[in-house]
Amino acid sequence: MRSTERKTLIDRLRKRYARQLVSEGGDPSIANNIFDENALTLGFARRFATYKRPDLLLFDSERLVRLLSDPQRPVQLILAGIAHPQDFPGQALIKKWKDFIRRPEVRSRVVFLNDYDMMLAQHMVHGIDLWLNTPRRPWEACGTSGMKVLVNGGLNLSELDGWWAEAYSPEVGWAIGDGKEHGDDPACDRTEAEAVYAALENEAIPEFYERNEKGLPLKWLGRVRESMARLTSEFSATRAIREYTENHYLPAAASYRERMDGDSSLGVSLLQWQQEIVWHWSTVRFGPLEIKTHDGQHFFQVEVSPGALSKDQLTVELYADPAQGGEPVHEVMTAAESSADSHGVIIYSAKVPAIRPASDYTARVIPRHPNASVPLEAGQILWQR
Ligand SMILES: *Cc1c(COP(=O)(O)O)cnc(C)c1O
């Protein structure tokens, strides 16, 4: 399947490239003699925005030339992409590739296709063996194109950013970067460029060309199987749309109907609640906070004066940032029943296991309404300091 898809892609590539040569005033017959249907085919296609570092592969262009022109284990590269008309640095990166492609040693192994669009993307993801993505962390929100190769049996070599930070494991492909942010430090570009070359030279290329007696690259196919089995169902539009629908669209539609029912009484009361929160939020006050630690627990007690708002309109909670990789802590504090007398001050308390320092926790007040979505509909927040 992989070989058939690659052949189809290269066939389409030659035709498309011939048209492109004509439009650029070149000789279309050149397109017949480019690319090898059996060679490892890399793909890189996306918007040419600087944070995506589309020139990372060119960091050591001599090393790239050596990779591409290896007569025993040739590698070829299809590039496509567009830059915004006002994005001059992005356009300069396209030019950098076009200049590189003019070198005679690589002319038959690298092509830059103009006018990247969904049709071209579809043709590419069908036939590419290895999809590259080299953005600068933490700017890649997703990196959708890498997911498009999955179902076609393509593999990924990517920065640990966007979806690949979630999806990568050594059995399914290759990763570069240490998962940390380094700004635009040129030393980091060098390290990561070298990691791309090393992954290609030491693993991807040898695995693609190591064939058994039936001509099958078993290690490569092992990765294809793992990648398809583990990732296709997880990183798919089907899952995304189902989760949006179940977790967001349907609850939002149900809640809309609830708010409309009976002359919109709930809708009206929510609006009033919102206005009261806006008007009176600045009258909410924190009093002193007390922390005691015993029996393996931190006990927090804090005074809150709701001002012109009522106790029911507020949630008091302890907040702590996530402990390595986890979720943030929201521990709701409970109001003492008997405390609503002295000048409207209410005493709230909560306990948490003393596995983290008490100083990790901060008390805060946020708006509350049983039917409202907070903070979406009321983003106020008051921190105890
Ligand atoms: C998938 C796709 C993109 C997005 O790709 P990224 O990897 O997220 O940058 C952009 N343009 C086209 C035409 C696409 O098909």
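This is a predicted model: local features need pLDDT of at least 70, side-chain atom pairs count only at pLDDT 80 or more; totals for chains, interfaces and linings use all residues.
Around the ligand sit Arg46, Lys52, Tyr116, Asp117, Met118, Ala121, Gly143, Thr144, Ser145 and Lys148, where a residue counts as near if one of its heavy atoms lies within 4 Å of the molecule. By class, this shell holds three nonpolar, three polar and four charged residues; here Ala, Val, Leu, Ile, Met, Phe, Trp, Tyr, Cys and Pro count as nonpolar, Asp, Glu, Lys and Arg as charged, and the others, Gly among them, as polar.

Now look at the polar contacts, pairs of N or O atoms within 3.5 Å. The side chain of lysine 148 places an N or O atom 2.6 Å from an oxygen atom of the ligand, and the side chain of lysine 52 has one 2.8 Å from a ligand oxygen. Threonine 144 takes part through its backbone, with an N or O atom 2.9 Å from an oxygen atom of the ligand. The protein covers 79% of the 390 Å² of accessible area that the ligand has on its own, an area that comes from the Shrake-Rupley method with a 1.4 Å probe. Two elements, H4 and helix H5 (144-150), each give two or more residues to the shell, and H5 gives the most, with three. Helices (H or I, at least four residues) and strands (E, at least two) are DSSP runs, numbered from the N terminus.

Helix H1 (residues 2-23) packs against H4 (residues 118-127) at an angle of about 145°, with the axes 7 Å apart; the axes are lines fitted to C-alpha atoms over the stretch in contact, and angles run from 0 to 180 degrees between N-to-C directions. H1 brings Arg2, Glu5, Arg6, Leu9, Arg12 and Arg16 to the contact, and H4 brings Leu120, His123, Met124, His126 and Gly127, with contact meaning heavy atoms within 4.5 Å. These residues divide into three nonpolar, three polar and five charged.

Finally, turn to the backbone of the loops. Most residues other than glycine have a negative phi, and most peptide bonds are trans. Aspartate 115, however, has a positive phi near 55°, in the loop between strand E3 (110-113) and H4. Arginine 137 and proline 138 are joined by a cis peptide bond with omega about 0°, and this proline lies in the loop between strand E4 (130-133) and H5. Another cis bond joins valine 374 and proline 375, with omega about 15°.

Residues are numbered from 1 along each chain as its sequence is written. Local features need pLDDT of at least 70 and side-chain atom pairs 80 or more, while totals for chains, interfaces and linings use all residues, and side-chain values use heavy atoms, leaving out hydrogens and water.

Terms used:
A polar contact is a pair of N or O atoms within 3.5 Å; within protein, one must be able to donate a hydrogen and the other to accept it, and residues adjacent in sequence count only if both atoms are side-chain atoms.
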